[in-house]
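I opened the model to look up its sheet, one of its helices and its aromatic contacts. My entries follow in the order I made them.

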Amino acid sequence: MSKPDELLVDLAALVESGRSNQMSLTVVTGGAVITGRLAPEAVWSRRVSEVLDDSDHLGAFSAVFARRAGRDGPPTHLHFHVARILQGTVGIPETGGMYRVAIEDVDAWTVGDFSYH
């Protein structure tokens, strides 16, 4: 996408405002389909920091995410948690992961997430 979709930017801004972390979204980016719930960047960064901090080998990277502060201006990225990359009839990882997607790289999107039961 050469210019970010204004509607998608508005949805991300509402999530960033902290009003809700229940917005489910599915996006197509670079041929991959990612589905899950959006989180404000600060919440997403804090959780990634916690996961890295708990790792014996990756703990040093935790600080990069821990010091992320709020940004001025419209959101430039979507921050997914409990998200999966859809591949055939499965979602990877099954338990959900943390993904950051540049809004300008989203080719298509829809409200809601997909799951296989």
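**Entry 1: the sheet**

I began with strand E2 (residues 32–38) and E3, which pair in the antiparallel sense over 5 bridges. Two strands count as paired if DSSP finds at least two bridges between them. Helices (H or I, at least four residues) and strands (E, at least two) are DSSP runs, numbered from the N terminus.

Before going further I noted the ground rules. This is a predicted model, where local features need pLDDT of at least 70, side-chain atom pairs count only at pLDDT 80 or more, and totals for chains, interfaces and linings use all residues. Residues are numbered from 1 along each chain as its sequence is written, and side-chain values use heavy atoms, with hydrogens and water left out.

Back to E2 and E3. I found Ile-34 opposite Ile-85 in E3. Val-33 has Leu-86 as its bridge partner in E3.

Next I asked in what order the strands lie. The order is E4-E3-E2-E1-E5, an open sheet of 5 strands with antiparallel pairing. E4 and strand E5 (108–111) are the edge strands, and each pairs on one side only. From one strand to the next, the twist averages 30°.

**Entry 2**

Val-27 stands opposite Ile-34 in E2.

Strand E1 (residues 24–29) is joined to E5 by 4 bridges, and the two run antiparallel. Thr-26 sits opposite Thr-110 in E5.

E3 and E4 run antiparallel and are joined by 8 bridges. Phe-80 has Tyr-99 as its bridge partner in E4.

**Entry 3: phi angles**

I then checked the turns. E1 and E2 form a hairpin with 2 residues between them, and Gly-30 in the turn has a positive phi of about 55°. The hairpin of E3 and E4 also has 2 residues between the strands, and there Gly-88 takes a positive phi near 60°.

Which residue has a positive phi although it is not a glycine? Val-82 does, at about 50°. Most residues other than glycine have a negative phi. I placed Val-82 in strand E3. Val-82 is partly exposed, with a relative accessible area of 42%. The cut-offs are under 20% relative accessible area for buried, over 50% for exposed, and partly exposed in between (1.4 Å probe, protein chains only).

Arg-84 is also in strand E3. Is Arg-84 buried or exposed? Arg-84 is buried, at a relative accessible area of 11%. Its C-alpha lies 6.4 Å from that of Gly-36, 48 residues apart along the chain.

**Entry 4: helix H2**

I turned to H2. H2 has 13 residues and spans 18 Å from first C-alpha to last, close to the 18 Å expected at 1.5 Å a residue. The expected span is 1.5 Å times one less than the number of residues.

Its buried residues are Glu-41, Trp-44, Ser-45, Val-48, Ser-49 and Leu-52. Down the axis of H2 they fall within an arc of 135°, so they line one face of the helix. The arc is that of the directions from the helix axis to the C-beta atoms.

What covers them? The cover includes helix H1 (6–16), H3, strand E3 (77–87) and strand E4 (90–102). Contact here means heavy atoms within 4.5 Å.

I looked at Ser-49 in H2. Ser-49 is buried, at 8% relative accessibility. Leaving out residues up to four places away in sequence, Ser-49 touches Ser-62, Phe-65 and Ala-66.

**Entry 5: the aromatic pair**

How many aromatic pairs does a search of the whole structure find? The search gives 1. The rings of Trp-44 and Phe-65 have centres 6.1 Å apart and planes at 65°, so the pair is edge-to-face. Trp-44 is in helix H2 (residues 41–53) and Phe-65 in helix H3 (residues 62–66), 21 residues apart, so the pair links distant parts of the chain. My criterion covers rings of Phe, Tyr and Trp (its six-membered ring) with centres within 6.5 Å; planes under 30 degrees apart are stacked, over 60 edge-to-face, and the rest tilted.

Trp-44 is buried, at a relative accessible area of 6%. Phe-65 is partly exposed, at 24%.

How values were computed: Axes are lines fitted to C-alpha atoms, for helices over the stretch in contact, and angles run from 0 to 180 degrees between N-to-C directions.
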